[in-house]
Amino acid sequence: MPDPDWKSKKILIVDNDAEFVSLAKSALQSVGVSEIQNVGSVPEAVKRIAEFPADLVIVEISLPRISGAQLAKVLRDKWRSPNPDVLIVMMVASAKADILK
């Protein structure tokens, strides 16, 4: 399987943890990604995804007020999403099992 061309990828990070966002951006930049944007909430993400055609969205599951899982549902909705086929990586920073239910 060929390596992806990371230099041409646009990535949106949806997380309200500034330390994680900084770490993720550094890791992505180290493999050549130059177009990285981040937001800290689901409403911001919905607005940004309409303006920034991301190839990949990295989402924290346990965001305040509206969960990352809810964002994934919106992103997959062919009637509400500008790109319902966008790749989504869900993550969780907590070790609490109830978050994953």
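Mentor: Helices (H or I, at least four residues) and strands (E, at least two) are DSSP runs, numbered from the N terminus. With that rule, the protein chain has three helices and four strands, and from the N terminus on they follow the order β-α-β-α-β-α-β. Please keep in mind that this is a predicted model, where local features need pLDDT of at least 70, side-chain atom pairs count only at pLDDT 80 or more, and totals for chains, interfaces and linings use all residues. Residues are numbered from 1 along each chain as its sequence is written, and side-chain values use heavy atoms, with hydrogens and water left out.

Let's start with what is hidden. Of the 101 residues in the protein chain, 32% are buried (under 20% relative accessible area, with exposed over 50% and partly exposed in between, using a 1.4 Å probe and protein chains only). In soluble globular proteins, nonpolar side chains tend to be buried together. A nonpolar core is a set of buried Ala, Val, Leu, Ile, Met, Phe, Trp, Tyr and Cys residues joined through side-chain atoms within 4.5 Å.

The largest such core here has 14 residues, and the members that touch the most others are Leu12, Val14, Val57 and Leu71. At least two residues of this core come from each of strand E1 (10-14), helix H2 (42-51), strand E3 (56-60) and helix H3 (68-76). H2 is the biggest contributor, giving three residues. Apart from this core lies another one of ten residues, including Ala24, Leu28, Val33 and Ile36.

Contact means heavy atoms within 4.5 Å. Not counting residues up to four places away in sequence, Leu12 touches several residues, among them Ala45, Ile49, Phe52, Val57 and Ile58. For the protein chain, 64% of the contacts between residues at least 6 apart in sequence join residues at least 24 apart.

Two packed helices are described by the angle between their axes and the distance between the axes. H2 and H3 pack at about 25°, and their axes are 10 Å apart (axes are lines fitted to C-alpha atoms, for helices over the stretch in contact, and angles run from 0 to 180 degrees between N-to-C directions). Therefore H2 is roughly parallel to H3, a label for angles under 35 degrees, while over 145 is roughly antiparallel, 65 to 115 roughly perpendicular and the rest oblique. On the H2 side of the contact are Val42, Ala45, Val46 and Ile49, and they meet Leu71, Val74 and Leu75 in H3. By class, this contact has seven nonpolar, no polar and no charged residues (Ala, Val, Leu, Ile, Met, Phe, Trp, Tyr, Cys and Pro count as nonpolar, Asp, Glu, Lys and Arg as charged, and the others, Gly among them, as polar).

Glu60 sits in strand E3 and counts as buried because its relative accessibility is 5%. Leaving aside neighbours within four places in sequence, Glu60 is in contact with residues including Val14, Gly68 and Met91. Arg65, in the loop between E3 and H3, is exposed, with a relative accessible area of 83%. Arg65 also has a positive phi of about 70°, although it is not a glycine.
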